[in-house]
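Subject: Structure handover

Hello,

Here is the structure I said I would pass on. Please open it first, and then read the notes below it.

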Amino acid sequence: MELTTFLEIAPESDFSIHNLPYGVFKPRIGGAPRVGVAIGADALDLSVLHEAGFFNQTVFASHNVFNNSSLNAFIRLGRDAWRETRTIVQKLLSDDVADLRDNAILRDAALIPQSRIEMLLPVEIGDYTDFYSSYHHAHNVGTMLRGAENALMPNWKHLPVAYHGRASSVVVSGTNFSRPRGQIQPSDANEPIFSPTRSLDFELEMGFFIGAENALGEPIPIERADEFMFGMVLVNDWSARDIQAWEYQPLGPFLAKNFCTSISPWVVTFDALEPFKKPLPAQDPKPLAYLARENDWAYDIELEVSLQSATMDAPHVITRSNFQNLYWSMNQQLAHHTVNGCNVRVGDLLASGTISGAEKFSRGSMLELTWRGKEPLQLPNGETRRFLDDGDVVTMRAWGAKDGVRVGFGEVRGKALSAQSLS
Ligand code: MN
């Protein structure tokens, strides 16, 4: 049966009745943060629906988990509760159910135009891990650093490489940041200098939130990995390439990455992404048994990055990629993350790494698009870019679309401001 809603939703909206992503918001006119679901151009306030008794048949009937400044308490309830909530909300929004459709007072209280709310960081993130799972990204970066013959490190096709990132500087879309300063080693100097980064970059990534915990010492088997995942967001892992080049050996990225990481505000569930599942392409060599899952999968999610400089009057698309450009699956990432007994906790964020495709126009960072600045990007107003300038706004979008069903992530947007002066 076709699922339709009584609300008018533009066909190009990311937030169809098939999506129903969760977020945390507060009304611009004031009021406490609460949990909502995006539907068309509106947000549906779940705390109001809970108060109105629509969750009375659930295990959380007596506790309004939606009266909260993060999704963590809701996520902790577990997958059955997420699914129950999705079913209840989908029913309430559907054409043939009267409860919300015919109740003007309830609609007024529960449905708020997204233009009248401020989105907050949806999840309290305890730990953030960033993978390096796109073959083309790893190959491009490796080629620039070591030449095409030695582009991939010997471990790359055997394990999903990652580093532990910083959770404290993960921010919600719309948060601007100052160009970071740090140590850089210019190629024409003998000594490092202290300077604002000269090669500010974005990284086109997606990430998933942990939805259930393993005990310390107990690896998550790959066959069950998906049961530990709540949902996905877009991630822009802002990077300072010159700081990175000088600092990264031997322990990996540090200050080049931890000054800001932006995520989209609406968390899209795996139930909503089900129609976009695709088989994970065969891997060669075959991974070790703990990384092998029969019928492992990816998702057909389109990705797009646009750039708008301070003098441009519209954003300009500079790259298009797809989530299927990842070599390693999310199941493999999580199985690998915990195989040594490392425990993950509800709200942890695991990001994919830059998602680059095979074509030049599908590269997921400025570093790759301009080949470390050698081939500057031409913008439609005549400006060129090697890396990002102050005032540049980077916006990423992601969506699945199939048979008239669209499930999108909205956007993650951020602006680089000039470096703060040091007092
Ligand atoms: Mn990254």
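In which helix does Q244 lie? Q244 is in helix α7 (residues 241-247); helices (H or I, at least four residues) and strands (E, at least two) are DSSP runs numbered from the N terminus.

Before the rest, some notes on reading the model. This is a predicted model, in which local features need pLDDT of at least 70 and side-chain atom pairs count only at pLDDT 80 or more, while totals for chains, interfaces and linings use all residues. Residues are numbered from 1 along each chain as its sequence is written, and side-chain values use heavy atoms, with hydrogens and water left out.

Back to Q244. Its relative accessibility is 17%, so Q244 counts as buried (buried means under 20% relative accessible area, exposed over 50%, partly exposed in between, with a 1.4 Å probe and protein chains only). Leaving aside residues up to four places away in sequence, Q244 touches S239, A256 and K257; contact means heavy atoms within 4.5 Å.

Next, the metal site. The manganese ion has the protein donors D130 (OD), E203 (OE), E205 (OE) and D237 (OD), at 2.1 to 2.2 Å. Donors are N, O and S atoms within 2.8 Å of the metal (3.2 Å for Na, K and Ca); water is not among the atoms, so sites may look incomplete. Along the chain, the donors have the spacing D-x72-E-x1-E-x31-D. D130 in strand β6 (residues 128-131) and E205 in strand β13 (residues 204-210) are 75 residues apart, a pair that links distant parts of the chain. Both D130 and E205 are buried.

There is also an open sheet of five strands, in the order β9-β26-β25-β20-β21, with mixed pairing. β9 (177-178) and β21 (316-322) are at the edges with a single partner strand each, so one side of each has no neighbour in the sheet. Strands pair if DSSP finds at least two bridges between them. β9 runs parallel to β26 (residues 405-417), and two bridges join them. S178 has L417 as its bridge partner in β26.

Last, the domains. The chain is divided into domain 1 (22-120) and domain 2 (128-417), with bounds from an automatic or database domain assignment. Their C-alpha centres lie 30 Å apart. In the contacts between them, 18 residues of domain 1 meet 16 residues of domain 2. Two salt bridges are counted between domain 1 and domain 2 (a side-chain nitrogen of Lys or Arg within 4 Å of a carboxyl oxygen of Asp or Glu).

Regards
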